[in-house]
Amino acid sequence: MDRPIQMVDLKTQYQHISSHVDEAIQEVLSSAQYVRGPQVAKFEKELATYLGVEHVIGCANGTDALQISLMALDLVPGDEVIVPSFTFIATAEVIGLLQLTPVMIDVDPSTFNLRPADVEAAITSKTKAIVPVHLFGQTADMQPILDIAATHNIAVVEDNAQSMGATYKMADGTTVKAGSMGDTGCTSFFPAKNLGCYGDGGAIFTNDADLADKIRMVANHGQSRMYYHDRIGVNSRLDSIQAAILSVKLKHLDAYNAARQKAAKTYDSFLANIEQVVTPARASYASHVFHQYTIQVPAEERDALKAYLASQQIPANIYYPVPMYEQKAFASHRPTKMEPLVHTASLCQRVLSLPMHTELSADQISRVCQAINLFFNK
Ligand SMILES: *Cc1c(COP(=O)(O)O)cnc(C)c1O
């Protein structure tokens, strides 16, 4: 009997690298430098090299990475920040928390990401930042977004929590890593992300030395030197143990992403002939690292398909069921109810993410696809 099919399988992944991980953790335990230990600086450097950026600053989680970025950019209440309406809550939540105004815009129905023309159309005299989210493992079309931002003197904060290791092709033909293009890039090391630790963690990337200093200050109680606080900050740190684990796992990231890509290709081939299923699109400008493998099916059949799969011991999840502008949390953030955005509204009814992780076998994928086929064509 094959292993049960899971959305993610972190246990099997750990078993393959356990001796290295255990050794790395033991080293931290023996050193007793649990906070701000040498493992943190070492990992920050390794990740900077991997991404091709000047500075990496570890923090407590991906949500903090976004919040600290916006704080370090000195945005003030009333400033407008453009975000996609089809994303995880964290992206928009920190904007609300800082009393900035989230301007939620629609996404491309095939890539799920921001469209440059919509970004341009949403810009006002109050716009201070754009937060493109590289959703499900593929970047937004960054070159035009960066050009628009430069023209209007607006900051770009990349939410790269789901696309660590993905690449983007710039207009000049160079290939760069997701998260390395904006004023800052943000990521999460939540266990299930493409580069995950064994608890919570996050990081901010930038090529701007002054901004890097500000980010470090904001993340450390606004402190310029010990017990001298120049601004209101937060307390947000990457633990030494998590950094040590991440140093081990970073070495495997490209192989992990290749395994996800291989699984995605296998899904594509098994699903190609099922008329009701739209498989995920690959944009010509990006590589896709498949944080999620998200299909689209007819809205009226989506929930029944999910229930049928569950009855066959096959998990599947809906990322995301509610457009950001319909979340109750944002009800008081706008004077009038926002009109639904066509693509976001439709995606929330149509998407279904299938099991996707580094340990999926072709046989398991075949079982998932056979079940989907049976559901539609019995
Ligand atoms: C996971 C995630 C975050 C937040 O990361 P945490 O570490 O859970 O705080 C932010 N944005 C997106 C798109 C995410 O997927």
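User: In this predicted model, what volume does the largest cavity have?
Analyst: The model is predicted. The count comes to 1 cavity of 30 Å³ or more. The volume of the largest cavity is about 70 Å³.

User: Which residues lie nearest the centre of the largest cavity?
Analyst: The lining of this cavity holds 14 residues. Two elements, α1 (10–31) and α9, each give two or more of them. Nearest the centre of the cavity lie L10, Q13, K193, R260 and T358.

User: How many charged residues are in the lining of the largest cavity?
Analyst: Both domain 1 (10–250) and domain 2 (253–376) supply at least three residues to this lining. By class, the lining has 5 nonpolar and 5 polar residues. The charged residues number 4.

User: What volume does the largest pocket have, and which residues are closest to its centre?
Analyst: The volume of the largest pocket is about 500 Å³. Its lining takes in 27 residues. Closest to the centre are F88, Q162, F190, K193 and H291.

User: Which element gives the most residues to the lining of the largest pocket?
Analyst: Two elements give two or more residues to this lining: α3 (62–72) and α4 (89–97). The top contribution is 3 residues. That element is α3.

User: Why does the largest pocket lie between domain 1 and domain 2?
Analyst: The lining decides the matter. Residues from both domains take part in it, so the pocket lies between them. The two contributors are domain 1 (10–250) and domain 2 (253–376).

User: How many charged residues line the largest pocket?
Analyst: The nonpolar class has 14 residues in this lining. The polar class has 9. The charged residues number 4.

User: Which element gives the largest share of the lining of the second largest pocket?
Analyst: This pocket has about 260 Å³ of space. Its lining counts 16 residues, and R36, E44, I57, G58 and R216 lie nearest its centre. The elements with two or more lining residues are α2 (38–51), β1 (55–59) and α7 (209–219). The largest share, 4 residues, comes from α7.

User: At what angle do the axes of α9 and α12 cross, and with which hand?
Analyst: Helix α9 spans residues 253–271 and helix α12 spans residues 362–377. Their axes come within 9 Å of each other. The angle is roughly 35°. The crossing is right-handed.

User: Which residues of α12 meet α9, and what classes make up the contact?
Analyst: On the α9 side are A263, T266, Y267, F270 and L271. Facing them from α12 are A362, I365, S366, V368, C369 and I372. By class, the contact of α9 with α12 has 9 nonpolar, 2 polar and no charged residues.

Technical notes. Residues are numbered from 1 along each chain as its sequence is written. This is a predicted model: local features need pLDDT of at least 70, side-chain atom pairs count only at pLDDT 80 or more; totals for chains, interfaces and linings use all residues. Side-chain values use heavy atoms; hydrogens and water are left out. Axes are lines fitted to C-alpha atoms, for helices over the stretch in contact, and angles run from 0 to 180 degrees between N-to-C directions. A crossing is left-handed if the near helix is turned anticlockwise from the far one by less than a right angle, and right-handed if clockwise. Contact means heavy atoms within 4.5 Å. Ala, Val, Leu, Ile, Met, Phe, Trp, Tyr, Cys and Pro count as nonpolar, Asp, Glu, Lys and Arg as charged, and the others, Gly among them, as polar. On a 1 Å grid over the protein atoms alone, a cavity is a set of points where a 1.4 Å probe fits but cannot get out, and a pocket is an open set with protein on both sides within 12 Å along at least five of seven lines; lining residues have an atom within 4 Å of a point. Grid points are joined across faces, edges and corners, and a volume is the space filled by probe spheres set on the points. Domain bounds come from an automatic or database domain assignment.
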